[in-house]
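Here is a short briefing on one protein model. Keep the structure open as you read.

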Amino acid sequence: MAQDQRRPFGVIQKIPRIQEDIMQERYDFQAIEPQWQQQWQDEHIYRVTEDPAKPKYYCLEMFPYPSGNLHMGHVRNYSIGDVVARFKTMQGFNVLHPMGWDAFGLPAENAAIKHGVPPADWTKSNIANMRTQLKTMGLSYDWDREVATCTPEYYKWTQWLFLQFYNAGLAYKKKANVNWCPSCATVLANEQVVEGACERCDSTVEKKALEQWFFRITDYAQRLIDDLEKLPGWPDKVKTMQENWIGRSEGVEMDFPLPSPIGGFDKLTVYTTRQDTIYGVTYLVLAPEHPLVEHLLQNNPKEAEIRAFIKKVLGQSEILRTATDTEKEGIFTGHYCQNPVTGEPVAIWLANYVLAEYGTGAVMGVPTHDQRDFEFAQKYALPLKVVIQPVGVPDLVADDMDHAYEDEGVLVNSDRFNGMNNNDALAAIAAYVEETGKGVRKVNFRLRDWLISRQRYWGAPIPIVYCDKCGEVAVPDQDLPVILPNDVEFKPNGESPLKSRPDFVHTTCPKCGGPAQRETDTMDTFVCSSWYYLRYTAPYSDKDAFERSAVDYWMNVDQYIGGVEHAILHLLYSRFFTKVLHDLNLVAVDEPFANLLTQGMVLLGGSKMSKSKGNTVSPEEIIAKYGADTARLFILFAAPPERDLEWSDRGVEGAHRFLNRVWRLVQAYYPGEEASTAGAEASTETGNEASDGKSRISLQQIASLLITNPDVASLNSDDRELVRMAHVTVKRVTEDIGQRFNFNTAVSAIMELVNALYLYKDKVAPKAQNLSLIKDALARLILVLAPFAPHISEELWQAIGGSGSVHQQSWPSYDPAALVQDQVPVVVQINGKVREKLQLPNGLDGEALQAAAMDNQRVQELIQGKTIVKVITVPNKLVNIVVR
RNA sequence: GCGAGUGUGAUGGAAUAGGUAGACAUAGCAGACUUAAAAUCUGCCGGUCGUAAGGCUGUGCCGGUUCGAGUCCGGCCACUCGCACCA
């Protein structure tokens, strides 16, 4: 190909061929794809600005971590997003479709340790590489809005947002028992611990008592649950996962008085959701970490034994201790407290199954009505007391029970509440303990505050300074960003590498000017990715994190697309961020993502493609071999988006074959140079002469590409069918993309149109072919194919003489009148079994349908001698004759 | 254990409000073109009985509702994912 391949939009082009001897059988994607990518970029056709005159549409795909290489999951994610963005653009929306990089994080630092490359350089070259790869896919991004979270221009605002949280009391430091990953040498948020292991490296997570920064996400727990109702466009699965994660429960905190104060405690407070069983309490259990435990050990004859037990429990890993099948173990402290409603003495135990972090770290034991308590009581021969009797079955007898009774029933042995249904008793007893000052109603959440500090280098520094005089001081806005120094020695030893840089650590106090030390921990990368969708609305702004007018114009994200693995982490954090920013009056919306599509994984050989399993297919190779259009088309065609997709090389070839088939079809009607001349000569006399039996007809003299209101009534049946297929296809593709997100069926609809066009081309005599209709059908075909296969569509659009870029055309409409068939297939069933198929005029009423069915000879034979019980008719569908 | 999802030809999948099960594609088989192959084009393609017309059967299993069930209801089974001693 010649160097300058720029071609003005809107001038009829010759279709280039790969080689004369292969003729027109395959199209030259290797030439076409880069050429159009360049031209789209040069002419800025994907650049957008706020335009109040147009309805806006914000289409966003989760931005990638710049690992250096695109994988098939990315290809799938971004192909889906690109179809949506292009489709919405063609439908007349002002579409924001940006891309960027989630660029902070551990891999860069680990690479630096391994290869001695600074994380900034490593990340930068990875981004450059991945950007190039992404561009070969032909995606409609406005690259002017690209952001990378690791640039000072970006993390300045991450730090600024941290300070907004800080000033609002939503960021705080506390000493806590936190999750520690020994391999990553840093702490982790609860959300990053999967079954007791680090979600990144799978190492067993340890507990460490450390002074750490947290975001007060628990303040938003209730709203994060309630507002899930505002998200009808989210999959229920994701909403359920978030709801479970937040884990709301309603109960009562109840005080069990101690007979005499111990170490300043005069009572033990337990949390329960089963206050209806309070009369059945036979013991009480503390977590070994409970603050009273140390005092209970004073002058305790069993001290050594109890300490040994505590040591054993604390030595158990998080997984082991919290696993359901771990055996419950405990030890009696020798102390008692008092049941607040009965005054009975209650033995105080310690046990491994009570969690210090949840509720009050103390629970009441009701073995008869809680299975865990039952198992514990059995093991240590603790007393059982039945307080709920089931209705309609024999009464429970404590000594005969082999498991706890946890269902509904009527209260017994419960003083004034006897005879009450236990569900009613929940409210009644809660009210009673509140009135009598024995307890308070309490809502608890499983969700913990978000631990955001990390003892690693490659992240946004937390903008806090510690002054000997003034204590903890926020870095003032004008001093932001706190720049991450470049040349740092990495020794993962559990402390931030920034600690080893005296010039970073030592600073002056912004308040008093005295000597001070900087915070050396950096922020969790999930902080950076919790607001990037806001930054895209005005990524150039150096005055604010985001421009209010831009953010109000674009937000919220109309369609968000990404993997389900972020169902809790990123999606929950982003919702939290948006709510906080809404409350701080920085954004108008209080939910970031109106609609969410969670795409399935790309599998090979039944399991997820991954480097470690060695079952990957490289997008680069596929694009080099078949082109981006083929890769995109295959991945969209092979499965509906939310389902897992099994990679198939054969399937890719099929997609490629289809594109060639489209290419040849258009070429048959819009031939290249030599053929075109021949066609023009041949057509001078009749206008639509075929020169050699194949359809060598030039359509170029027909004025308009699209026929707006086809006069179907005047057409013959072949022509009508052609028009119908063209319009049906537009309808199906419009609905499949716009309403159902079923790209696979949209593609199959397009394939059916192509098949129909071939049928017409090969079956209708060349002289009888209706050129205007063909021209119209080809134009519609190219327009609906454009979102899926943007390069070939652009090339063909130019070839048929379309004006401007195909991607700036209006989405084609369909004429409902053109969809109507005058003959429709109707099946005749007898007793629900299909016995005959008829072609009948469209729109016959029930009577006429029945008459037509009865008139059929075969039907008559089949019902001969039988009694017709009734006849059911469905217009244009079926007749069911019920006989006996 | 709890919650959610999935289950349809050899394979990926389709059937959008209960109405022709298997669209579209992949693989396979047969044929045309070719010296041959590739590419392309055409036809066939759930199982089973039948020369055929056609019959029977068939959407994980069992049962139900209905003129009619892949679709709705009840009960199971398998797999996948999430949560998992949260009191």
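Two rings of Phe, Tyr or Trp (for Trp, its six-membered ring) form an aromatic pair if their centres lie within 6.5 Å; planes under 30 degrees apart count as stacked, over 60 as edge-to-face and the rest as tilted. This is a predicted model: local features need pLDDT of at least 70, side-chain atom pairs count only at pLDDT 80 or more, and totals for chains, interfaces and linings use all residues. Residues are numbered from 1 along each chain as its sequence is written, chains are lettered from A and ligands numbered from 1 in the order in which they are written, and side-chain values use heavy atoms, leaving out hydrogens and water.

**Aromatic rings**

- Phe162, Phe165, Tyr166, Trp213, Phe215, Tyr220, Trp450, Phe526, Tyr573, Phe576 and Phe577 make up one aromatic cluster.
- The whole structure holds 48 aromatic pairs.
- Phe634 and Trp647 have ring centres 5.0 Å apart and planes at 80 degrees, so this pair is edge-to-face.
- Phe634 sits in helix α19 (residues 628-637), while Trp647 sits in the loop between β30 (645-646) and α20 (649-669), so the pair ties together parts 13 residues apart in sequence.
- Helices (H or I, at least four residues) and strands (E, at least two) are DSSP runs, numbered from the N terminus.

**Charges over rings**

- A charge sits over a ring if NZ of Lys or CZ of Arg is within 6 Å of the ring centre and within 35 degrees of the ring normal.
- The charged end of Lys328 sits over the ring of Tyr353, 5.9 Å from its centre.
- For Arg661, the charged end sits over the ring of Tyr758, 4.2 Å from its centre.

**Helix α5**

- Twelve of the 16 residues of α5 are buried, so this helix is largely enclosed by the rest of the structure.
- Buried means under 20% relative accessible area, exposed over 50%, and partly exposed in between (1.4 Å probe, protein chains only).
- Among the buried residues of α5 are Trp157, Trp160, Phe162, Phe165 and Tyr166.
- Gly169 follows α5 and has a positive phi, near 75 degrees.

**His727**

- His727 lies in helix α22 (residues 717-740).
- With 1% relative accessibility, His727 counts as buried.
- Contact means heavy atoms within 4.5 Å.
- Leaving aside neighbours within four places in sequence, His727 is in contact with Pro710, Asp776, Arg780, Ser813, Tyr814, Asp815, Ala818 and Leu819.

**Helices α7 and α17**

- Val238, Gln242, Trp245 and Ile246 in α7 meet Leu571, Leu572 and Arg575 in α17.
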